[in-house]
Amino acid sequence: MYIIRQQWLQDNAIRKWYFLAAILILFGGCSTAILVSDAPQNQWLSQTIFSRFLVFSLLVPVQILLLLSTFRVRLQDIYVTGSRRIIWKQLKYRLIEILLSSLLPWACGSLTGMLVNGWSPTLGAVATEALIRCLYLILSCLALLLLTSFCFLISNRITAFLAGFVINGLSFFLNVNHHLSIIYDFVVPEFATLLFSCLPIMLGLLLFLIFIVQQEISRKDL
């Protein structure tokens with residue numbers, strides 16, 4: 001409860017940025033789904049709710065900026081609790097908050113655009129696949145945020161932003177050129193490849209990132 005109360009009070013000063021980010025992402029997701037007027041069913045998901053270009057240029061940069069503008073490492077929190085684990089708990093709170101405040105508007109905007117564009121029957125036909133790809137997108141965003149957090153813990157905000165931006169751009173470039181990118185593999189054409197190859201790799205990457213972030217927090221000279 002201490003974490004939630006403390007972070008909620010801190011949010012009073014930055015809540016407007018969450019609101020603006022949510023509005024921007026909402027309209028971005030909605031406009032993409034509306035603009036796609038005709039697409040084969042096997043390409044439809046990758047051009048609407050899972051538009052890799054919009055993820056690269058809007059969703060991920062907004063998430064990284066929100067993380068770096070809200071996450072703080074404060075000595076007084078460690079003194080109050082007597083443990084550095086408070087930093088990991090604060091980071092988890094921020095990650096959950098950022099994912100919810102960005103991905104929910106993304107989903108709402110995309111679904112609204114689909115309804116306006118008459119895509120409801122198509123969405124119903126691929127609902128299970130869409131949910132799995134959505135899970136992969138969430139994991140991809142979490143992986144990039146954890147990587148950015150690690151870079152911030154070992155260096156500074158500028159380095160962390162550049163690292164997150166470069167990894168995001170490199171992954172996007174690899175995916176566009178039909179190579180394994182891990183982060184952007186939620187748009188791979190073959191659903192079986194996503195489910196049985198890409199998803200286990202992503203889960204392994206997430207476990208590794210969680211481990212190194214926790215280790216850095218525990219050994220960091222604060």
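Helices here are DSSP runs (H or I, at least four residues), numbered from the N terminus.

The model is predicted, so I note its limits: local features need pLDDT of at least 70, side-chain atom pairs count only at pLDDT 80 or more, and totals for chains, interfaces and linings use all residues. Residues are numbered from 1 along each chain as its sequence is written, and side-chain values use heavy atoms, without hydrogens and water.

I then took the geometry. The axes of helix 4 (residues 52-70) and helix 6 (residues 85-116) come within 10 Å and cross at roughly 150 degrees. Axes are lines fitted to C-alpha atoms over the stretch in contact, with angles from 0 to 180 degrees between N-to-C directions.

I listed the contact residues (heavy atoms within 4.5 Å). Helix 4 brings Leu 54, Val 55 and Leu 59, among others, and the helix 6 side includes Leu 103 and Trp 106.

Next I checked Ser 51, in the loop between helix 3 (41-47) and helix 4. Ser 51 is buried, at 12% relative accessible area; buried means under 20% with a 1.4 Å probe, protein chains only. Beyond neighbours within four places in sequence, Ser 51 contacts Thr 32, Leu 45, Ser 46 and Trp 106.

Last, I looked up Leu 137. Leaving aside neighbours within four places in sequence, Leu 137 touches Phe 50, Val 55, Leu 59, Leu 103, Trp 106 and Phe 186.

Terms used
Helix = DSSP H or I, 4+ residues; strand = E, 2+ residues; numbered from the N terminus. Buried < 20%, exposed > 50% of the residue type's maximum accessible area, 1.4 Å probe, protein only.
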